[in-house]
Amino acid sequence: MDGQPDDTATTGAVATDPGFSGKAAAEIVGITYRQLDYWARTDLIRPELAEAKGSGSRRRYSYRNLLELKLVKTMLDSGIKLESVRDAFGYLRSEGTDISAARLVIAGTSAVLVKDDVEMIDVVNRYHGQGVLNLNLVTLDGLKGELDTAVHQLRPTIAPAADAVPQVAQA
C-alpha cells in the first residue's frame, strides 16, 4: 500500500481517517513489519481503524497507534524487555491512562509515569519494590516531532496531528 492514503475503509465506505497501512506504520515508526505483526497478534498494540479479518484484509493504524508504537520502540531501545513493556502497557490501560498522551520518564530499564506533576509510578518495576532515585530528567519533546517528520516525508499532503502529544524524558 506504499503508505498512501486509502479512500475506503474495509467496508468500502469513504473513511474520514484512512489511517496507515501496516507497511507504512512500520516504516514511519522505525520497526520491522514482522514486529508490528507480532505486536498486533499478541494484543500489545491493536490497530484502531481496521483489524485483519481473514485472508486479504489489512490492518489500518491510526495516528494514536503510531504514537503508541513509537513509545514501544523507544522503551525497547532503552533496554526495557518486551515482556516488561507489555506489562507496563497493561498497567497503563488498566488505570485508564491514554498511552499516547502519557508522560513517561525513561531511566535505564525503567519507565516512570508522571501523574498530575506530583505522583510518579514506575510502570516497569512496580512489582519489584524498586523506587525512583537520582533521576536527571531531560525532556525529549522531539518524539512527536520525529513522528510528524516521518509521516510528512511519507505523505507530504498530510498535516501533522495535534491531538496527542506524548511527553517522554530520558535520564
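Which residues does Lys-70 touch, not counting residues up to four places away in sequence? Lys-70 touches Val-29, Leu-143 and Glu-146, where a contact means heavy atoms within 4.5 Å. The model is predicted, so local features need pLDDT of at least 70 and side-chain atom pairs count only at pLDDT 80 or more, while totals for chains, interfaces and linings use all residues. Residues are numbered from 1 along each chain as its sequence is written, and side-chain values use heavy atoms, with hydrogens and water left out.

The overall fold comes next. The protein has 5 helices and 7 strands. These are DSSP runs, numbered from the N terminus: helices are H or I with at least four residues, and strands are E with at least two. Along the sequence, the pattern reads β-α-α-β-α-α-β-β-β-β-α-β. The protein holds 171 residues, and 42% of them are buried. Buried means under 20% relative accessible area, exposed means over 50%, and partly exposed lies in between (1.4 Å probe, protein chains only). The accessible surface comes to about 9,300 Å². Carbon and sulfur atoms account for 49% of that surface. The areas come from the Shrake-Rupley method with a 1.4 Å probe; for residues, only the protein chains shown count as cover. Among contacts between residues at least 6 apart in sequence, 59% join residues at least 24 apart.

Helix 2 spans residues 33-41. Its buried residues are Leu-36, Asp-37, Trp-39 and Ala-40. They lie on the same side of helix 2, because they cover an arc of only 165° around the axis. The arc is that of the directions from the helix axis to the C-beta atoms. An α-helix has 3.6 residues a turn, so residues three or four places apart point the same way. The buried residues of helix 2 pack against helix 1 (22-29), strand 2 (60-61), helix 3 and helix 4 (82-94). Arg-34 and Arg-41 are exposed, on the face turned away from the buried side. After helix 2 comes Asp-43, with a positive phi near 65°.

Salt bridges were counted next. A salt bridge is a side-chain nitrogen of Lys or Arg within 4 Å of a carboxyl oxygen of Asp or Glu. By this rule, the count comes to 7. Glu-51 pairs with Arg-46, the closest N and O atoms being 2.5 Å apart. Glu-51 is partly exposed at 23% relative accessibility. Arg-46 is also partly exposed, with a relative accessible area of 36%.

Helix 3 covers residues 63-77 and contains Lys-70. Lys-70 is buried, at 12% relative accessibility. Its side chain meets that of Glu-146 in a salt bridge (3.5 Å, N to O). Lys-70 lies in helix 3 and Glu-146 in helix 5 (residues 142-154), so the pair ties together parts that are 76 residues apart in sequence. Glu-146 is partly exposed, with a relative accessible area of 47%. Lys-70 and Ala-25 are 45 residues apart in sequence. In space, the C-alpha atoms of Lys-70 and Ala-25 are 9.7 Å apart.

Helix 3 also holds the pair Asp-77 and Lys-73. Asp-77 forms a salt bridge with Lys-73, with the closest N and O atoms 2.6 Å apart. The two residues are 4 apart in helix 3, so about one helical turn separates them. Asp-77 is exposed, at 56% relative accessibility.
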